[in-house]
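The exercises below are to be worked with the sequence and the model side by side. Each task is followed by a solution that goes step by step.

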2 protein chains.
Amino acid sequence: MADADKTRQALLEAAYEEIYRHGFQAASLNTILERTGVTKGALYHHFGSKQKLGYAVIDEIISQKLDREWLTPIQQPGHPIDVMIEVIQQAGQQITSQQIDQGCPLNNLAQEMSPIDPGFRQRIDHLYRKWQESIEKKLRDGQQGGTVKPSINPADAALFILASLEGCMGIAKNAQSIDELKRCAQGLFGYLDSLRC
Amino acid sequence: MADADKTRQALLEAAYEEIYRHGFQAASLNTILERTGVTKGALYHHFGSKQKLGYAVIDEIISQKLDREWLTPIQQPGHPIDVMIEVIQQAGQQITSQQIDQGCPLNNLAQEMSPIDPGFRQRIDHLYRKWQESIEKKLRDGQQGGTVKPSINPADAALFILASLEGCMGIAKNAQSIDELKRCAQGLFGYLDSLRC
DNA sequence: ATGCACATACATACTGGTTGGTATGTTCAT
DNA sequence: ATGAACATACCAACCAGTATGTATGTGCAT
């Protein structure tokens with residue numbers, strides 16, 4: 001059934017948009033149905049509850065976005081620090097002024113849902129862990145290649161890089177300012193430079 | 001009317017707790033009324049709407065907490081980098097395992113409300129700006145006293161310090177791990193150390 | 001090849017509960 | 001007696017979820 005898959009996918013994408021805009025709890029199933037033209041019966045056929053729909057959005061939509069926009073680019077060959085700075089700058093240049101004040105989809109869900117729903121928390125944690133490991137791997141490669149300081153702990157550094165990246169996006173989201181995002185990222189670049197050999 | 005002020009204050013504090021736990025949109029006025037024993041008439045007498053109640057929570061409760069726990073401690077005399085590390089460590093030690101997965105009240109509201117309510121955004125931005133300026137002032141003092149590198153831009157560095165501080169708390173909130181908070185903070189301390197003369 | 005059994009993929013209409021907000025009434029101090 | 005400080009009762013809107021019905025296949029025995 002190609003139609004069924006199309007319906008499911010349409011629901012997932014509309015749900016992602018609605019959740020990204022309003023958060024999970026304030027996301028309205030009726031709005032998702034209006035946007036897709038799908039009926040409530042179909043939604044509850046494909047996903048058994050609002051919660052499971054939210055889980056699927058993380059597992060399928062956000063997870064793919066993370067792979068495409070961060071994990072894969074980070075693993076490209078080159079000097080680890082240069083590559084990471086490049087990837088972050090690339091992301092910063094592609095960002096629209098509309099996106100800046102909506103922030104990072106993963107972080108939004110993390111801040112809203114992790115204290116109140118273990119299922120969300122675990123799924124988000126899994127993605128954060130993959131993200132961190134991707135950075136960690138790149139740093140470790142750099143240490144072996146002699147381009148990253150051997151004295152640093154790659155796991156700890158990766159954790160801080162990820163945290164401050166999310167922090168920068170969070171601050172810029174509230175300020176609604178791409179300029180503030182770039183100023184903030186300069187601080188992160190300074191830290192990254194300090195990891196060079 | 002001492003009673004009226006007491007009622008108002010009780011509402012503010014209960015509202016703060018409820019909002020901290022569930023976010024603003026999911027915060028229930030009825031729950032706040034149950035917890036305080038105040039009636040809906042009284043609430044709508046003191047605050048004209050849920051929105052204005054939220055504004056008052058930022059302006060009065062969260063603003064005070066920020067002053068008490070961060071702005072004032074940062075301004076204490078001493079080596080700027082040492083003082084900041086001390087203040088952050090102090091905050092980290094006082095944190096309970098219950099508080100860690102609730103995160104920073106200000107950041108929670110920022111991520112949830114800034115894209116959808118300009119009134120919230122401006123108020124939160126005002127507090128962030130004060131926070132940043134507090135750090136910036138301390139860095140500038142250090143530059144004049146010869147303990148902080150003159151080459152850095154205090155405003156930019158303060159912005160990044162604030163962002164990565166919020167980032168660390170956000171990551172630790174999702175991981176629900178004080179250990180992860182401390183590992184993450186080590187990265188921030190490394191950055192702070194790099195600002196020394 | 002045809003007809004019955006069954007499942008998938010929806011569609012429609014409804015329910016019980018909760019929400020923020022309000023209209024109206026009362027108490028009490030000045 | 002006038003306004004501040006409530007109290008009570010109510011409302012329309014919205015919410016997630018469900019019960020029921022139906023149309024379209026799909027597998028399989030005959």
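## Exercise 1: the single chain

Buried residues make up 41% of the 197 residues in chain A, where a residue is buried if 20 or more other C-beta atoms, placed from the backbone, lie within 10 Å of its own. The model is a predicted one, in which local features need pLDDT of at least 70 and side-chain atom pairs count only at pLDDT 80 or more, whereas totals for chains, interfaces and linings use all residues. Residues are numbered from 1 along each chain as its sequence is written, and chains are lettered from A and ligands numbered from 1 in the order in which they are written.

**Task.** Describe the secondary structure and the dimensions of chain A, and then examine H8(A).

**Solution.** Begin with the elements, taken as DSSP runs numbered from the N terminus (helices, H or I, of at least four residues; strands, E, of at least two): chain A has 10 helices and 0 strands. Next, the C-alpha atoms of chain A fill a box of roughly 60 × 35 × 30 Å along the principal axes. Of the contacts in chain A with a separation of 6 or more, 66% join residues 24 or more positions apart, a contact being a pair of C-beta atoms, placed from the backbone, within 7 Å. Finally, helix H8 of chain A, residues 118-145, has 28 residues and reaches 40 Å from its first C-alpha to its last, close to the 40 Å expected at 1.5 Å a residue (1.5 Å times one less than the number of residues). After H8(A) comes Gly146(A), which has a positive phi near 80 degrees.

## Exercise 2: the two copies

**Task.** Determine how chain B is related to chain A, and which elements of chain B form the side that touches chain A.

**Solution.** First superpose the copies by least squares on the C-alpha atoms of residues with pLDDT of at least 70 in both: a rotation of 180 degrees, with 0.0 Å of shift along its axis, brings chain B onto chain A with an RMSD of 0.0 Å. The two copies are therefore related as by a two-fold rotation axis. The same surface serves both copies, since 98% of the contact residues of chain B recur in chain A.

Then count the interface, in which 40 residues of chain B are in contact with 39 residues of chain A. Helices H7 (105-113), H8 (118-145), H9 (154-175) and H10 (178-193) of chain B each supply at least two residues of the side that touches chain A, and the largest share, 15 residues, comes from H9(B).

Leaving aside residues up to four places away in sequence, Cys168(A) touches Leu181(A), Cys184(A), Ala185(A), Leu188(A) and Ala163(B).

## Exercise 3: the DNA strands

**Task.** Identify the residues closest to DNA strand D and to DNA strand C.

**Solution.** Start with DNA strand D, which 19 residues surround (C-beta atom, placed from the backbone, within 6 Å of the strand); the closest are Ser28(A), Lys50(A), Ala4(B), Gly41(B) and Ala42(B). H3(B) supplies the largest share of this surface, 4 residues.

Continue with DNA strand C, where 19 residues are again found and Ala4(A), Gly41(A), Ala42(A), Ser28(B) and Lys50(B) come nearest. Here H3(A) gives the most, with 4 residues.

Terms used
Two residues are in contact if their C-beta atoms, placed from the backbone, lie within 7 Å. A residue is buried if 20 or more other C-beta atoms lie within 10 Å of its own, exposed if 12 or fewer, and partly exposed in between; C-beta atoms are placed from the backbone.
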